[in-house]
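Notebook open, structure loaded. I'm jotting down what I look up as I go, starting with charged pairs and then moving on to sheets and domains.

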Amino acid sequence: MSEKKKNSVNAEDLEILGEEGKQYVEIDGVKIRLARPMDLPFKWVGNRKLVDQMKSCWFTAGPGDLPMSPRLVGKPGTGKTVLAYSVGKMMEVPVFFFQATSDTRPNDVLINTVIIETGAETSKVEYFASTLISAMILGGVCVFDEGNRMQEKAWASLAPLLDSRRYIESIEVGCLIKAHPNFRFVSTMNDDASCFELPEYIKSRLQPTIMVDNPDRSEERRILEANLPHTAPIILDYVADFLELAHRADERYTVREGIHIANYAGKLVNYEAECGREMDPGDAVIISVEQILGVRQARYIKRVLWEERAA
Ligand SMILES: Nc1ncnc2c1ncn2[C@@H]1O[C@H](COP(=O)(O)OP(=O)(O)O)[C@@H](O)[C@H]1O
Ligand SMILES: [Mg+2]
């Protein structure tokens, strides 16, 4: 290894230049453009315990007490992304998203260089901080979404950031950047076969594991209502019953599909009403399930309706 001495900067000592939306910092004369935080209409409904566990991970009792970087694990659609984002917002700091994919390269998670043509034969290099680096510099939350879609070589550069060192090393800028004390990290992970198994040294840094499971019926009913304020209550009831039966039968689908089903069923009924016709809400939910999950899955909703009519 070369003996070249590495400069090191503390993110909290950096001056944030530029205006909102076009912020940058200068490190050793290199200008680095920061990414923008996300503002989304997500709001977590229900399970307080998960919120408290996330907040506990990120809580620090004083200087020297470091936050933890949990991973949220569960089936696709159980609410991991919404949970991570909502808790970040509750902390009243900027929240950044990083969407991991199997194509994410090591540089994508750190600082990217972009070559910009400035004339016929001239060009210059500009540096763009990833959302992760921007969160580290500004003291925000980074929601590293679907982290187990990303390959090990991209994770490797994050190892020092996720342990007590809390820094990353940028080859581009030639220095170590130490995270702002308010920087917080969480990674969501889908529990499905399309993902990579993370290496042990990364897993051991992403602790604890918070499992996000299907909520119970009353909570799921509230989630449907919060996401679909224009849908008739009876449709939300049917879909909550449908999901409850499907979960009991260990089907893979979650409240995410429930939202699509209730949304479509509600639109069928509302549109028919608009045309001066009438559609039975139960029938609308059957059609919706058939078109969203397939004909076979409609047996659960048919059972719900049959039991209701028999009662
Ligand atoms: N507890 C919850 N509160 C509010 N919305 C939720 C909740 N759980 C799930 N949702 C909704 O369900 C959908 C799937 O949630 P998402 O966070 O994307 O799941 P995941 O990241 O686990 O795949 C989103 O549309 C979200 O709005
Ligand atoms: Mg997600």
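This is a predicted model: local features need pLDDT of at least 70, side-chain atom pairs count only at pLDDT 80 or more; totals for chains, interfaces and linings use all residues.

**Salt bridges**

I looked up Arg105 to begin with: Arg105 makes a salt bridge with Asp108, and the closest N and O atoms are 2.7 Å apart. For the record, a salt bridge here is a side-chain nitrogen of Lys or Arg within 4 Å of a carboxyl oxygen of Asp or Glu. I then checked how accessible Asp108 is, and Asp108 counts as buried because its relative accessibility is 17%. The cut-offs are under 20% relative accessible area for buried, over 50% for exposed and partly exposed in between, with a 1.4 Å probe and protein chains only.

Residues are numbered from 1 along each chain as its sequence is written, chains are lettered from A and ligands numbered from 1 in the order in which they are written, and side-chain values use heavy atoms, with hydrogens and water left out.

Next I went to Lys203. Lys203 forms a salt bridge with Glu197, with the closest N and O atoms 2.4 Å apart. Lys203 also meets Glu200 in a salt bridge, at 3.8 Å from N to O. Glu200 and Lys203 both sit in helix H6 (residues 200-203), three residues apart, which is about one turn of the helix. I use DSSP runs for these elements, numbered from the N terminus: helices are H or I with at least four residues, strands are E with at least two.

Searching the whole structure gives 17 salt bridges.

**Sheet S2-S3-S7-S6**

I traced an open sheet of four strands, in the order S2-S3-S7-S6, with mixed pairing. S2 and strand S6 (111-117) are at the edges with a single partner strand each, so one side of each has no neighbour in the sheet. From one strand to the next the twist averages 35°. Axes are lines fitted to C-alpha atoms (for helices, over the stretch in contact), and angles run from 0 to 180 degrees between N-to-C directions.

Inside this sheet, S3 and strand S7 (residues 123-129) run parallel and are joined by two bridges. That meets the pairing rule, which asks DSSP for at least two bridges between two strands. Ile32 stands opposite Tyr127 in S7.

I stopped at Gly29, in the loop between strand S2 (24-27) and strand S3 (30-33). Gly29 counts as exposed, at 62% relative accessibility.

**Other strands**

Strand S5 (residues 95-99) has four of its five residues buried, so S5 is largely enclosed by the rest of the structure. S5 and strand S8 (residues 141-145) run parallel, joined by five bridges. Val95 has Val141 as its bridge partner in S8.

I found an open sheet of three strands too, in the order S1-S10-S9, with mixed pairing. Strand S1 (7-10) and strand S9 (167-170) stand at its edges with a single partner strand each, so one side of each lacks a neighbour in the sheet. Neighbouring strands in this sheet are turned by 25° against each other on average, direction ignored. S9 pairs with strand S10 (residues 175-178) in the antiparallel sense, over four bridges. Tyr167 stands opposite Lys178 in S10.

**Domains**

The domain assignment gives domain 1 (7-211) and domain 2 (217-310); such bounds come from an automatic or database domain assignment. Their C-alpha centres lie 37 Å apart.

What do the two domains share? Nine residues of domain 1 are in contact with nine residues of domain 2, contact meaning heavy atoms within 4.5 Å. The buried area between them is about 750 Å², and carbon and sulfur atoms give 51% of it. Val45, Lys75 and Gly77 lose the most area on the domain 1 side, together 64% of what that side buries. Buried area is the accessible area (1.4 Å probe) that two parts lose on being put together, summed over both. I checked for salt bridges across this interface, and the rule finds zero.
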